[in-house]
Amino acid sequence: MLREATTDDVHLMLSWRNQETNRQVSKTSHEITAEEHARWWSAVRGDPSRRVLVYVRDDRPCGVVTFFDLRLDGPRTGAWGFYLDADGLDGRGETLPAWLGVMREAVEYAFDGLHLDRLDGEVLGHNTVVRQMNRRFRFVEGTPRQELSDGREITVIPISLARADRRQR
């Protein structure tokens, strides 16, 4: 289940985002400070082009889904990303089911909740597991590009999924 994030979720979101597993596969790889996170939260919570949702599994919050660059007039498009409580899910042996669940719920929300025509995102080139999962959900990869982020060179691959191409339940 996805629900809107609240101020009560801010600490959880930061702790999950700073887990080593999540930092290794993110464009921003440094440990995010409480001040940085507070600035981000302050900016996104009132921005109509963004949504921040918490993924809840078995009544336990365990991930964050962000939608951004939402264009809800004309061709309805938006971008997304997510991260999970990798450490907690791994410790409970729930990583794969949660991962499948959050992707399924996010894609459903994008097309059935936000009524997008196309959902975009990015994945780092070295994140082969996520790239495989994206293909399973019928995302198409675009042309990779090199970027410099946090003092490291990364390969960023754009992905997209059109409404007509999504997997149906």
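## First stop: helix α5

Start by selecting α5: at 1.5 Å a residue, its 19 residues should span 27 Å, and its end C-alpha atoms are 25 Å apart, which agrees. (That expected span is 1.5 Å times one less than the number of residues in the helix.) Helices here are DSSP runs of H or I with at least four residues, strands are runs of E with at least two, and both are numbered from the N terminus.

Before you go further, some ground rules: this is a predicted model, where local features need pLDDT of at least 70 and side-chain atom pairs count only at pLDDT 80 or more, while totals for chains, interfaces and linings use all residues. Residues are numbered from 1 along each chain as its sequence is written, and side-chain values use heavy atoms, with hydrogens and water left out.

Now show the side chains of α5. Which residues of α5 are buried? They are Ala98, Trp99, Leu100, Gly101, Val102, Met103, Ala106, Val107, Ala110 and Phe111. "Buried" means under 20% relative accessible area, "exposed" means over 50%, and "partly exposed" is in between, using a 1.4 Å probe and protein chains only.

Step past the end of α5 to His115, in the loop between α5 and β5. His115 isn't a glycine, yet its phi is positive, at about 60°. With a relative accessible area of 43%, His115 is partly exposed.

## Zoom out: the whole chain

Switch to a cartoon view. The protein chain has 6 helices and 8 strands, and along the sequence they follow the pattern β-α-α-α-β-β-β-α-α-β-α-β-β-β. The C-alpha atoms fill a box of roughly 40 × 35 × 35 Å along the principal axes. For 169 residues, a compact globule would have a radius of gyration near 15 Å, and this chain has 15 Å, which agrees. (The radius is taken over C-alpha atoms, and the globule rule is 2.2 Å times the number of residues to the power 0.38.)

Colour by accessibility and you'll find that buried residues make up 43% of the 169. Take the contacts between residues at least 6 apart in sequence: 59% of them join residues at least 24 apart. Contact here means heavy atoms within 4.5 Å.

Next, select residues 2-136. UniProt, in an unreviewed entry, places the feature "domain: N-acetyltransferase" there. UniProt positions are given in the numbering used here, feature names are shortened, and annotations may be inferred rather than shown by experiment. The span is 44% helix and 27% strand, with its end C-alpha atoms 21 Å apart.

Go to Asp58, in the loop between β2 (51-57) and β3. Asp58 is another non-glycine residue with a positive phi, about 50°. Buried or exposed? Asp58 is exposed, with a relative accessible area of 63%.

Carry on into β3 (residues 60-71) and pick Thr66. At 14% relative accessibility, Thr66 counts as buried. Leaving aside neighbours within four places in sequence, Thr66 is in contact with Trp40, Arg51, Val52, Ala79, Trp80 and Gly81.

Show the aromatic side chains. A search of the whole structure finds 4 aromatic pairs. Rings of Phe, Tyr and Trp (its six-membered ring) pair if their centres lie within 6.5 Å; planes under 30 degrees apart count as stacked, over 60 as edge-to-face and the rest as tilted.

Select Phe67 and Tyr109: this pair is tilted, at 5.4 Å centre to centre and 35° between the planes. Phe67 lies in strand β3 and Tyr109 in helix α5, so the pair ties together parts that are 42 residues apart in sequence. Phe67 is buried, with a relative accessible area of 0%, whereas Tyr109 counts as partly exposed at 25%.

Next come Trp80 and Phe139, a stacked pair at 5.9 Å centre to centre and 20° between the planes. Trp80 is in strand β4 (residues 77-84) and Phe139 in the loop between α6 and β6, so this pair ties together parts 59 residues apart in sequence. Trp80 and Phe139 are both buried.

## Last stop: helix α6

Finish with α6 (residues 128-136), whose buried residues are Val130, Arg131, Met133 and Asn134. Seen down the axis of α6, these fall within an arc of 160°, so they line one face of the helix. (The arc is that of the directions from the helix axis to the C-beta atoms.) What covers them includes α5 (95-113), β5 (118-124), β6 (140-141) and β8 (152-162). After α6 comes Arg138, with a positive phi near 75°.
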